[in-house]
Amino acid sequence: MSSSDSSNNTNNDSIINIGKDDESSVKKRVSPVYQYFTFNDELSRWYCDYCTKDFGDNTSNLWRHIKRTHSEILGESEKTNSNNNEKPTQHGFRKKLLQWVVRDDQPFITIECQEFKNMVKYLWPSVNVPSANTLRRDLSANFEQVKDKVRLELQETPGLLSFTVDAWTIVRIRASPQRRERFQQQCVAIELPELELLPDIKTRWNSTEIMIERALKLRQALHNFTSADRDLKHYLFSDNEWKLIEEIHSLMQYFKICSDYITGQLYPTLAFTIPAYNYLLNKIEDIIDNNNIRIEIKNAATAAKNKIEEYYPTTGGHIYIIATAMDPRLKLQYYDDNDWEAEYILEAKKIVTDIWNNFYKNNIDISQSSDNLEDDLLSHIFKKRKTERDDELKSYFREPTISKSTDVLAWWKVQEANYPNLSKMALDYLAIPATSAPVERIFSSGTDLVTQKRCSLKGETIRELMCLKSWWKLGFNEPIIIKD
């Protein structure tokens with residue numbers, strides 16, 4: 001390990017061994033970076049709670065992702081940590097205790113454990129540790145308060161709301177931990193990362209591609225391990241079979257790229273549905289036309305192409321067309337840039353124009369002049385084009401597309417003054433998620449909440465815990481404490 005590596009491993013990121021001796025010790029994750037991720041037992045991966053990225057169990061990579069991609073989250077945490085010098089109070093202690101139970105999926109009964117009480121009183125002898133029932137009452141009070149705030153915010157949100165739903169799934173447990181341990185030893189022996197092989201899960205998007213990608217990365221270790229295991233020798237891959245796996249991966253990787261992007265939850269995704277379909281079709285056609293690709297892969301690519309075309313968004317699915325048009329990075333220019341037929345572009349423009357004229361254009365009389373001299377002065381200073389405001393849609397289409405790195409929702413917020421009605425139309429359609437993946441992530445976290453030690457939780461309590469955990473991540477309210 002280099003000095004730079006060791007300097008990054010602070011005490012907070014270390015692994016603590018808990019137990020009487022080294023042989024019976026159990027590894028416990030204590031790094032604070034794990035609070036930003038959810039662990040998937042099936043895939044042995046940490047999934048970011050704020051985007052679609054997933055990682056192995058390496059705290060350096062997890063910190064790097066949070067700092068580079070979600071620095072605003074760290075900003076909130078640092079602001080919270082800056083108050084650490086405040087004198088602790090009983091009231092503040094109960095708040096922190098409730099946050100810990102909710103955010104870390106801890107059983108309520110944990111706070112009644114004598115060892116837990118002893119530890120807390122060792123740090124603060126005069127503290128009064130509340131009962132599990134008291135904390136449950138705090139939970140319900142916080143849930144009702146934040147629920148009212150969420151309801152009010154939804155009621156005051158201009159435009160339409162879009163909802164998605166999901167169902168629970170059953171988690172399968174992989175067997176043979178001894179083999180997994182021996183495989184990791186094999187990885188160390190040939191200086192490969194200590195990574196686990198991942199299973200293919202029918203209910204998990206991209207799990208086949210992830211499984212293959214991991215197997216290719218650990219190919220040498222996998223070959224050595226199966227060669228040395230008598231019961232696994234008949235699973236040994238030949239060089240030709242590995243070549244086939246590489247070609248399969250070359251096809252499947254494009255599906256993962258697209259699905260990862262359109263399942264995001266921090267940015268509009270519906271506008272990229274049609275571009276994602278087109279991207280896949282182009283890549284698949286390249287594979288079909290590639291003479292160096294074996295026939296089995298070409299047949300699979302052809303079948304994939306036929307299935308994609310079967311579900312391709314048509315003009316009947318107008319929400320996709322409108323969302324693409326309302327994305328200022330794309331607009332209808334996207335179809336021109338990708339050599340679409342003029343007939344289709346005209347049809348797409350007609351769909352957008354009809355929705356605009358029938359539902360949004362005349363919501364506000366934006367043509368009337370203002371009697372406010374200050375408004376008149378500001379209009380002169382910022383050169384608002386009053387002559388174009390009779391039809392916001394035409395004005396919007398006349399403007400060039402913007403940079404691909406622009407925050408689309410922030411752009412529309414800034415442009416509300418220029419496009420008061422069109423901005424409402426844009427937000428109504430851009431708010432529609434392309435998939436139900438964001439809500440699936442919330443329900444998937446239920447496996448961390450409803451464990452064997454918490455199987456008696458009532459449905460109402462589960463709802464309160466899951467909702468509060470999600471709402472607090474979004475910044476709704478600090479915890480409140482009810483009177484005893």
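A nonpolar core is taken here as a set of buried Ala, Val, Leu, Ile, Met, Phe, Trp, Tyr and Cys residues joined through side-chain atoms within 4.5 Å, where buried means under 20% relative accessible area, exposed over 50% and partly exposed in between (1.4 Å probe, protein chains only). The model is predicted, with local features requiring pLDDT of at least 70 and side-chain atom pairs pLDDT 80 or more, whereas totals for chains, interfaces and linings use all residues. Residues are numbered from 1 along each chain as its sequence is written, and side-chain values use heavy atoms, without hydrogens or water.

The largest nonpolar core comprises 49 residues, and Met-326, Tyr-335, Val-352, Tyr-396, Trp-412, Leu-422 and Met-425 have the most contacts inside it. Helix α15 (residues 342–360) gives the most to this core, with eight residues; helices (H or I, at least four residues) and strands (E, at least two) are DSSP runs numbered from the N terminus. Another core, of 26 residues, lies apart from it and includes Val-102, Val-120, Ile-462 and Trp-471. Contacts (heavy atoms within 4.5 Å) of Trp-412 include Met-326, Tyr-396 and Leu-422, not counting residues up to four places away in sequence. Lys-331 lies over the face of Tyr-396, at 4.2 Å from the ring centre; the criterion is NZ of Lys or CZ of Arg within 6 Å of the ring centre and within 35 degrees of the ring normal.

The whole structure contains 23 aromatic pairs. Rings of Phe, Tyr and Trp (its six-membered ring) pair if their centres lie within 6.5 Å, with planes under 30 degrees apart counted as stacked, over 60 as edge-to-face and the rest as tilted. The pair of Tyr-34 and Trp-46 is tilted, because the ring centres are 4.5 Å apart and the planes are at 40 degrees. Tyr-34 lies in the loop between β2 (26–29) and β3, and Trp-46 in strand β4, twelve residues apart. Tyr-34 is buried at 12% relative accessible area, as is Trp-46 at 7%. Tyr-277 and Tyr-312 form an edge-to-face pair, 5.5 Å centre to centre with 80 degrees between the planes. Tyr-277 is partly exposed at 22%, whereas Tyr-312 is buried at 17%.

An open sheet of three strands has the order β3-β4-β5 with antiparallel pairing, two strands being paired if DSSP finds at least two bridges between them. β3 (37–40) and β5 (54–55) each have a single partner strand, so one side of each is left without a neighbour in the sheet. Four bridges join β3 to β4 (residues 45–48), and Thr-38 stands opposite Tyr-47 in β4.
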